[in-house]
Structure formats: C-alpha cells, structure tokens
Amino acid sequence: MSLLTVTVPATTANLGPGFDCLGLALTLYNRVTMQEADTQLTITISGEGADWLPRDERNLTWQAAKRLFAAANKWPSGVIIHQENQIPAGSGLGSSAAAVIGGVVAANELVQAGFSPAQLLQLAVEMEGHPDNVAPALLGGLTLINQENAGLHLEQIPVPPLSVVIVLPDFPLPTAQARAALPQNIPLQDAIFNIGRMGLLIRAFQAGDHEQLRLAMQDRLHQPYRLPLVPGLKEAFAAAYHAGASGVALSGAGPSLIAFAPAHHAAIAEACAAAFTQAGLRSRSWLLTIDPGGTRVGDGGNSAGSNSSFILHNS
Ligand code: HSE
C-alpha cells in the first residue's frame, strides 16, 4: 500500500506584540509518513520526543488523523504512522501544531477526502486551539490570523528571507502555565502600545528593516508576565541584544526565544547560552530562516500554500 509523506515546518507565534495573531514558519521540520494497513494502529517515532511521545491512541497526529477520517466519514482499515521530528516538543516552536497539521494533511491524502486547505485549517484550529501556530505551519511564511468565535480571518504577509536564532533553555513551561500567568484585563495604555508596535512590526518585516525591529518587537500584553517564569530568560534577551540581535521575542508561549539578526548569529547564541548557564540551565540553539511554503505533501518541493492561496499540491 502506498506510503505518504508530509513535511510540516516549525512556527514561532506572537513575535512580540502580535499576541495570538501573528505567526511565522521556520526551517525546522517534522515529517510524518502514513500508510494504510490491516492492523489498526502502529506508531513509531524518531528524533525529538521519541523517548516520551505517546505511540498509542493519545498520539496527537493519530488523533488529528481520526478527526479528519470522522469529518470525511472515510476510515482506512488501519494505519502505520512514522514521525520523524526535528521540532522540540514543549518549546514554543509549534510542535503540537505540526503534529496536528501532519495528521490532518496526511489523513486527507490517505483517504482522498478532498478537503480544501481552508477546511484543513479549520479542523486543525478546532483541535489545536492556537491558529497563530497552525496557519503558518500549513501555509508557510508570515501569517496574520484573527479568530472570532468559529470564524478565521487570515492574511499572508510577504516577507524577505530573514535569519533567526532560536535558543531553547532546558526548562519545562507548559503553554497552559504560560497562559495562566496572563491577566484577563489589560490597561488601555498597554493595548495602545501593542497596536502601535504591531503596525511597526509588520512594516519592519515587509521591508526587512532590522533597524526598526527592536522597537517594533516590544510587547506589553504577554512577555512582561511570562519572562519571569523562566530563570535567565530576561538576561538572555539583554544578552542577545548586546551580542548584535536586531529584535528579540519569546517564541510562542516559550520557553524558547527568537532573535532576528543580519549577522553575529553564533555570538548571539553563545551570549544567550551563557545567560541561561548563569541561571543554572542548559540550552540548545538553532540558526534558521523563514519557511516560505508551509506543509508539503510528498518528498518533492511542492508546498501546501503559496502567497495568499489555500492550494495544496501533490508532488
Ligand atoms: N499565541 C499562543 C500563546 C501561542 O502565546 O499562548 C501558543 O503556542
């Protein structure tokens, strides 16, 4: 029986002021292969999370696939799933979104359900709950997404290639905990501050303007409440700027940080690592760039979305 391969990029949500609305796809990938089988469910996992991610009914990629099968009312006799993960789980780099997108996209192909990318996005958002990770994971690039009740409004914003240093401290920070740290109400002045920064940020990204990023990535809605949750994180932000970063933000709900910079990438990573070491934490870092194409089906180069379209391609 034929073997399907789906490749899904990591994502970084928020980018400072764009809390719950902005997300960017990055060149770090999880790959899912799915094949119809006679036995009900076999899951193997390699790479990130291989030693603890569930290989049974609790597996998120499998749950997403089941959601698609149910929505399409088309069920395979059984499936074999292999996950090859580069995206560290629980890091703020969209590993859950990647698992869900991988599941729905692979299942859509497997049973030839014919769901459109917009329908796949809706299903994945219902499951994962964070459209600012799910949308760029599916479509690539920089995505602005507004969720209101059940509706989604999505815009893809063209951006030039930018280099991003990711630094991930070895510290558990579940998204639920990072969200619980946020106030339910915010001062009007903080809302005004973020609206202004968000406008600047979109403009800075579009122009590839590193000079503007430091100001544009400031935030008052979530980072001030979340940074104290991780030892050394505040110091790592300062160290990244000192080493030459042009803009620094918490990646999603953390604990990883992202630093944009035209140069000095190794120095930025080392400076952040030193700040975490000082706080007693180990850390890992990556140098990535923007993934422009999103989720790919097959081993070839066709992408799930290009520009602002919702078209999925097979290769
Ligand atoms: N925007 C969400 C948050 C992303 O910051 O909580 C969660 O991955």
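## Basis of the model

The model is predicted; local features need pLDDT of at least 70, side-chain atom pairs count only at pLDDT 80 or more, and totals for chains, interfaces and linings use all residues. Residues are numbered from 1 along each chain as its sequence is written, and side-chain values use heavy atoms, with hydrogens and water left out.

## Domains

In domain 1, 28 residues are in contact (heavy atoms within 4.5 Å) with 35 residues of domain 2.

## The ligand site

The ligand takes up the space of the largest pocket. A pocket is found on a 1 Å grid over the protein atoms alone, as an open set of points where a 1.4 Å probe fits, with protein on both sides within 12 Å along at least five of seven lines; a molecule sits in it if more than half of its atoms lie within 2 Å of its grid points.

Residues around the ligand (a heavy atom within 4 Å) include Phe-19, His-130, Arg-179 and Gly-252. By class, the shell has 2 nonpolar, 4 polar and 4 charged residues.

## Polar contacts

Polar contacts are pairs of N or O atoms within 3.5 Å. The side chain of Asn-14 places an N or O atom 2.8 Å from a ligand oxygen, and a polar side-chain atom of Asn-133 lies 2.9 Å from a ligand oxygen. For Asp-20, the distance from a side-chain N or O atom to a ligand nitrogen is 2.5 Å.

The protein covers 95% of the 260 Å² of accessible area (Shrake-Rupley method, 1.4 Å probe) that the ligand has on its own.

Terms used: A polar contact is a pair of N or O atoms within 3.5 Å; within protein, one must be able to donate a hydrogen and the other to accept it, and residues adjacent in sequence count only if both atoms are side-chain atoms. On a 1 Å grid over the protein atoms alone, a cavity is a set of points where a 1.4 Å probe fits but cannot get out, and a pocket is an open set with protein on both sides within 12 Å along at least five of seven lines; lining residues have an atom within 4 Å of a point. Ala, Val, Leu, Ile, Met, Phe, Trp, Tyr, Cys and Pro count as nonpolar, Asp, Glu, Lys and Arg as charged, and the others, Gly among them, as polar.
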